[in-house]
Amino acid sequence: MNFIALKMLIGDRAKYLGIIMGLTFASLLITQQLAIFLGLMTRTFGAITDTGTPDIWVMNEKVQFIDDIKPLQDTELFRVRGVPGVQWAMPLYKGIIKARLDNGNFQSCNVFGLDDATLVGGPPEMVADANGVRASIADLRRSEAVIVDEVGANR
């Protein structure tokens, strides 16, 4: 019985090649769509994973997605600080601004504010600037200091 099934499958070379190419293309599409889905999901929580210090995040219950800016009320912040086992809780500022580029165009930028006492929420690793000087998160204590991520600086 198996012999007859194999003969029917590979007996006609055009049909056999069509089946193999169809399965290959279907597998490619499935893999490609899965990669797009995982890439989009990774981008949605990237801001939280890039700010690696906090163990738990608390946000307004009306927030629907990561870029939805609805601040936590001060009373709710005090309630979080009152939970047994919570050692530290601070609000994280997140906003969107329009920055003017050298060529006169505008670019939307995500702005994250850090706790000025502890600098929690800053990047865990800093890269060297064009002169080869390695920066430190403590450099944010300087007047009018900002951090630009590597992708934003290069584009």
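Start by selecting Leu6, Leu9, Ile10, Tyr16, Leu17, Ile19, Ile20 and Leu23: together they form a nonpolar patch on the surface with about 690 Å² of accessible area. (Patch residues have over 30% relative accessible area and no salt bridge, and nonpolar side chains are joined within 5 Å; a salt bridge puts a side-chain nitrogen of Lys or Arg within 4 Å of a carboxyl oxygen of Asp or Glu; areas use the Shrake-Rupley method with a 1.4 Å probe.) Helix H1 (2-10) and helix H2 (13-44) each give two or more residues to this patch, and H2 brings the largest share, five residues. Leu9 sits in H1. (Helices are DSSP runs of at least four residues, strands of at least two.)

This is a predicted model, where local features need pLDDT of at least 70 and side-chain atom pairs 80 or more, while totals for chains, interfaces and linings use all residues. Numbering runs from 1 along each chain, and side-chain values use heavy atoms, without hydrogens and water.

Next, select 93-100 and 106-113: strands S1 and S2 pair in the antiparallel sense over eight bridges (pairing takes at least two DSSP bridges). Click Ile96 to find its bridge partner in S2, Asn110. Between the strands, Gly104 takes a positive phi near 95 degrees.

Finally, show Trp57, Val58, Met90, Pro91 and Leu92, which lie nearest the centre of the second largest pocket among its 38 lining residues. Helix H3 (46-50), helix H4 (74-81), S1 and S2 each supply at least two residues of that lining.

Notes:
1 Å grid on protein atoms, 1.4 Å probe; cavity = no way out; pocket = protein on both sides within 12 Å on 5 of 7 lines; lining within 4 Å. Patch = residues over 30% accessible without salt bridge, like charges linked within 9 Å, V, L, I, M, F, W, Y side chains within 5 Å.
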